Amino acid sequence: MKIKVLACAALLMLAGCNAPVSQSVADSQRPPSSDIRQNFIDIVFKRSYRHEAGEVVWARISSVVLLEPEKKIYAYCVRVVPKRSWGHWAYLGVSFTEGQILGATANDYRCKDKRLRYYPFPELTGMKT
């Protein structure tokens, strides 16, 4: 499965370029399932970026939100602190539908929305960036 990195396409349709996510999107939050976590590791982290063991010292995954109900497009964020950048979060906003990742946006500002809940993501801890 090939990952398409999109420049704000699906993720920005609902929210707009500089606006925070809408309240209805924020209200749709649910914890990420183990399938979502594993899918991220298998497709995004291992296969696409060729990460190895050793460098991620802190990782979190956000709640899953419903971005576009009519198209059944969901999104979540992953944030990590690499060992080489201790103290600085790196964010990745990911959109998906039916288990297939549609796109990912590095340092997506919506990942910093204070309403978004984050959970420990120990499966990434120890991976190399």
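Strands are runs of at least two residues assigned by DSSP and numbered from the N terminus, and in this predicted model Glu68 belongs to one of them, strand E2, which spans residues 65-68. With a relative accessibility of 5%, Glu68 counts as buried, because the cut-off for that class is under 20% relative accessible area. Between Glu68 and Val25 there are 8.7 Å in space, taken from C-alpha to C-alpha, although the two residues are 43 residues apart in sequence.

The aromatic residues were examined next. A pair of aromatic rings is described by the distance of the centres and the angle of the planes. The structure contains 4 aromatic pairs, among them a stacked pair formed by Tyr74 and Phe96, with 5.7 Å from centre to centre and an angle of 25° between the planes. Because Tyr74 lies in strand E3 (residues 73-82) and Phe96 in strand E4 (residues 90-97), this pair ties together parts that are 22 residues apart in sequence.

Contacts between a charged side chain and aromatic rings were found for Arg79. Arg79 is placed over the face of Trp89, at a distance of 4.4 Å from the ring centre, and the charged end of Arg79 also sits over the ring of Tyr118, where the distance from the centre is 4.0 Å.

Definitions and conventions. Residues are numbered from 1 along each chain as its sequence is written. This is a predicted model: local features need pLDDT of at least 70, side-chain atom pairs count only at pLDDT 80 or more; totals for chains, interfaces and linings use all residues. Side-chain values use heavy atoms; hydrogens and water are left out. Helices (H or I, at least four residues) and strands (E, at least two) are DSSP runs, numbered from the N terminus. Buried means under 20% relative accessible area, exposed over 50%, partly exposed in between (1.4 Å probe, protein chains only). Rings of Phe, Tyr and Trp (its six-membered ring) pair if their centres lie within 6.5 Å; planes under 30 degrees apart count as stacked, over 60 as edge-to-face and the rest as tilted. A charge sits over a ring if NZ of Lys or CZ of Arg is within 6 Å of the ring centre and within 35 degrees of the ring normal.
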